[in-house]
Amino acid sequence: MTEPAVRTAPTFELTAAERAEIRDLLDTAFEGDFADEDWEHALGGVHVLIRDADGLLIAHGSVVQRRVLHADRSYRAGYVEGVAVRADHRRGGLGHRVMAALEHVIDAAHDFGALSASDAGAALYAARGWQIWPGRLTALGPDGPLPLPEEEGSTYVRPAAGHPLPGPAHALAFDWRNGDLL
């Protein structure tokens with residue numbers, strides 16, 4: 001049996017029907033805990049889609065660019081969003097295939113990768129070499145930096161090919177967005 005093909009596509013190449021399929025998959029996979037802001041966060045970058053032999057979307061993930069300040073530098077971070085596998089296709093390696101494709105995008109276009117892991121997803125990211133960020137986290141809010149202590153311990157980072165990770169002595173300060181900041 002042939003493995004389902006992995007397709008990568010920027011958001012602008014997705015049809016309205018494909019965007020609706022992705023949103024349905026995410027709503028189902030996150031059991032209704034996927035807000036409109038979460039959907040907005042998953043758009044504007046590069047998507048990875050895997051379909052079964054019948055054309056059903058069975059796995060998705062996306063990577064979007066976020067600006068992250070650290071010490072005296074602004075980094076181009078590839079932020080992973082909306083990683084999901086249909087419940088009846090889990091534990092078959094599809095999550096690893098989605099992440100491998102997203103990591104390829106991060107390696108080719110970003111300084112490092114970052115993501116906020118759910119308890120259910122943390123083992124996948126750790127198995128792929130992602131590390132919990134050991135330093136402080138902030139967001140650059142409308143009124144200045146906003147500490148994010150509740151995100152510490154669940155935010156993972158991964159160096160892009162040929163790039164070192166920023167050092168943990170200084171906070172990672174992520175750009176502002178509506179909804180969950182990380």
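**A walk through the predicted model**

T138 sits in strand β7, which runs over residues 137-141; helices (H or I, at least four residues) and strands (E, at least two) are DSSP runs, numbered from the N terminus. The model is a predicted one, in which local features need pLDDT of at least 70 and side-chain atom pairs count only at pLDDT 80 or more, whereas totals for chains, interfaces and linings use all residues. Residues are numbered from 1 along each chain as its sequence is written, and side-chain values use heavy atoms, with hydrogens and water left out.

With a relative accessibility of 11%, T138 counts as buried, where buried means under 20% relative accessible area, exposed means over 50%, and partly exposed lies in between (1.4 Å probe, protein chains only). Leaving aside neighbours within four places in sequence, T138 is in contact with L146, P147, L148, A171, L172, A173 and F174, contact meaning heavy atoms within 4.5 Å. T138 and S118, by comparison, are 20 residues apart in sequence and 19 Å apart in space, C-alpha to C-alpha.

The UniProt record, an unreviewed entry, carries the annotation "domain: N-acetyltransferase" for residues 9-151; UniProt positions are given in the numbering used here, feature names are shortened, and annotations may be inferred rather than shown by experiment. In the model, the span of residues 9-151 is 29% helix and 36% strand, and its end C-alpha atoms lie 29 Å apart.

Helix α1 comes next. At 1.5 Å a residue, the 14 residues of α1 should span 20 Å, and this agrees with its end C-alpha atoms, which are 20 Å apart; the expected span of a helix is 1.5 Å times one less than its number of residues. Which residues of α1 are buried? They are E18, I22, R23, L25 and L26, and they cover an arc of only 160° around the axis, which puts them on the same side of α1; the arc is that of the directions from the helix axis to the C-beta atoms. An α-helix has 3.6 residues a turn, so residues three or four places apart point the same way. The face of α1 turned away from its buried side carries the exposed residues A16, A17 and T28. The buried residues of α1 pack against β1, α2 (36-41), β2 (46-51), β3 and β4 (73-85). After α1 comes E31, whose phi is positive, near 50°.

The structure holds 11 salt bridges, a salt bridge being a side-chain nitrogen of Lys or Arg within 4 Å of a carboxyl oxygen of Asp or Glu. Side chains of opposite charge can pair when their charged atoms come close. One of the salt bridges joins R7 to E18, with the closest N and O atoms 2.4 Å apart; this pair links distant parts of the chain, since R7 is in strand β1 (residues 6-10) and E18 in helix α1 (residues 16-29), 11 residues apart. R7 counts as partly exposed at 33% relative accessibility, whereas E18 counts as buried at 12%.

A second salt bridge brings together the side chains of R66 and D175 (2.6 Å, N to O). R66 lies in strand β3 (residues 57-70) and D175 in the segment after β10 (172-174), so the pair ties together parts that are 109 residues apart in sequence. R66 counts as buried, at 3% relative accessibility, while D175 is partly exposed, with a relative accessible area of 23%. D88 also forms a salt bridge, with R86, the closest N and O atoms being 3.0 Å apart; here D88 is exposed, at 52% relative accessible area, and R86 counts as partly exposed, at 28%. Salt bridges that share partners join R23, D27 and D36 into one network.

Finally, the aromatic rings. Rings of Phe, Tyr and Trp (its six-membered ring) pair if their centres lie within 6.5 Å, and planes under 30 degrees apart count as stacked, over 60 as edge-to-face and the rest as tilted; by this rule the count comes to 4 aromatic pairs. Among them is the edge-to-face pair of Y75 and F112, 5.6 Å centre to centre with 70° between the planes, which links strand β4 to strand β5 (residues 112-116) across 37 residues. Y75 and F112 are both buried. Y79 and F174 form another edge-to-face pair, at 5.8 Å centre to centre and 80° between the planes, with Y79 in strand β4 and F174 in strand β10, 95 residues apart.
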